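The questions below go through one model, from its overall make-up to single residues. Please keep the sequence and the structure at hand while reading.

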Amino acid sequence: VDGFSFLFLGLIAIVFPMVLLQESNEKNYSLGRASFLLILQTSLYGVVCAQNLLLMVCFLVVCVLCVYFHQSIWGDENSEHTGFVYLLTSMTGVMFILCSVLLVYFSSRDHSFSFIRSISNEYSTLKVFRMEIGFSDLAFILFCVGFSLLIPIWPLHQWFLSLIQSSHRSLFVVFCGAVVPVFMVTFIRSLLIVFPDQIQESSILLLLVGGVNLVVGAMLLVKQRDLKSFIVYSFLGYIGLFVLSVGSLSELSIVGVVYYLCICGLAYSLLALFTSAFIERVSSSAVFLNRRFGGIIQEAPFLGMVVAVSLMTLVGIPGLGGFVAQTFILMGGYSVNPIIVCVILMSLLLIIYGLFGMYKSVFFGTGEDKTSFFNQMNLIEKVCFVPFVLTIVFLGIFPQPLLNLIQPTVSSIMAGYIH
């Protein structure tokens, strides 16, 4: 367990028990569904803690299969199609990653699948159309392409939207709150350790991909009128922010990204729990932010407070965990290029406008339908929100102990090639 994995072990340990507790409160409780969630939790632990590239790929396969079976069996009427699309997309990505891992194995000095500091380029070239390409360069390309199919990256994000729109509430929460953050931090950690030379050479490309995703996600967010679409496109924007920060190759930014990924997992778990409760009560999977529903804050102030905390931490309000992470990202980006900070700030303004526009419509709007059913939430439903809120507040007030765990790991990894 290192500085990268410690926070995410805690994140997984919070998300899954709360989802399982929420599951036990449902009328159609299923032991099979709970079993798949437990297997998914175990495999995510494996992905986070794996010190062997081949073992990491094996755990990724288990994660993909758990999500596929959960989606296909317990999703909505369109779940078989969306589950198959997810399986096809994700397994293609895993195959690319496996090919990359094999190239790493044959390019390494000691022929090992262990996480290594660099790849030897001696006698490891491949001729393609009379051009010599190093095995390490090809492995880097395959690795990035593979993870771009496992993580929602524009324009390959449609599977993510389809999966979220048709998934069961439990999968909705764990996928947004744990699966995507864990996959993202695994991608970042692997790039920095295994491909130090390649990531320096491709830093401009990473900045471009991250900037495009951040801007596109922010622009698409403000056009959405569906709660799940809000979550998808805001997540798309934040994924762009993480890639952009990694491309800056700033130690401060990468510390902030690792911290922010954990914060986003907690915040999106809260938003997913609220959205699932909303959809369950209005008996519709397509909840549009129009005048039919609104004014929830009057009937359920507790829910209003919970969602407000999640949104405020996402946009970086002081006193919450998101503020600390965004400060690190902006400070690191500014030290490299002030233009990076300008792109981040302009995009975050759009995200703030979209998220709080959603909050205003849902909680302060004048609804034509009664929303009194929100004050009928039982104790278990309310308890499930509490650990997320308390953790977000704790990470905002006392960030230093956890930052002290992340900083040495990031420093040791980047000391070899950051000048």
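What follows is a set of questions and answers on this predicted model.

Residues are numbered from 1 along each chain as its sequence is written. The model is predicted, so that local features need pLDDT of at least 70 and side-chain atom pairs count only at pLDDT 80 or more, while totals for chains, interfaces and linings use all residues, and side-chain values use heavy atoms, with hydrogens and water left out.

Q: How many helices and strands are there in the protein chain?
A: Helices (H or I, at least four residues) and strands (E, at least two) are taken as DSSP runs, numbered from the N terminus. Counted in this way, the protein chain has 17 helices and two strands.

Q: What percentage of the residues in the protein chain is buried?
A: Buried means under 20% relative accessible area, exposed means over 50%, and partly exposed lies in between, with a 1.4 Å probe and protein chains only. Of the 419 residues in the protein chain, the buried share is 59%.

Q: Is Ser 170 buried or exposed?
A: Ser 170 lies in helix 7, which covers residues 169-194. Leaving out residues up to four places away in sequence, Ser 170 touches Val 19, Glu 23, Arg 33, Leu 37 and His 70, where contact means heavy atoms within 4.5 Å. Because its relative accessible area is 2%, Ser 170 is buried.

Q: Which side chains meet in a salt bridge?
A: A salt bridge is a side-chain nitrogen of Lys or Arg within 4 Å of a carboxyl oxygen of Asp or Glu, and the structure holds one. The pair links distant parts of the chain, helix 1 and helix 2 (residues 31-49), with its partners 10 residues apart, and both partners are buried. The N to O distance is 2.7 Å, and the side chains are those of Glu 23 and Arg 33.

Q: Which helix gives the most to the lining of the second largest pocket?
A: On a 1 Å grid over the protein atoms alone, a pocket is an open set of points with protein on both sides within 12 Å along at least five of seven lines, a cavity is a set where a 1.4 Å probe fits but cannot get out, and lining residues have an atom within 4 Å of a point. The second largest pocket has a volume of about 410 Å³, the volume being the space filled by probe spheres set on points joined across faces, edges and corners. Of its 19 lining residues, the closest to the centre are Cys 144, Ser 148, Leu 205, Leu 206 and Val 209. With six residues, the most is given by helix 5.

Q: Which helix gives the most to the lining of the largest cavity?
A: There are two cavities of 30 Å³ or more, and about 60 Å³ of space lies in the largest cavity. Its lining includes Leu 227, Phe 230, Leu 271 and Met 358. With four residues, the most comes from helix 10.

Q: Which residues does a cis peptide bond join?
A: Most peptide bonds are trans. Pro 155 is placed in the loop between helix 5 and helix 6 (158-166). With omega at about 5°, the cis bond joins Trp 154 and Pro 155.

Q: What is the phi of Leu 249?
A: Leu 249 is found in the loop between helix 10 and helix 11, and it counts as buried because its relative accessibility is 14%. Although Leu 249 is not a glycine, its phi is positive, at about 55°.
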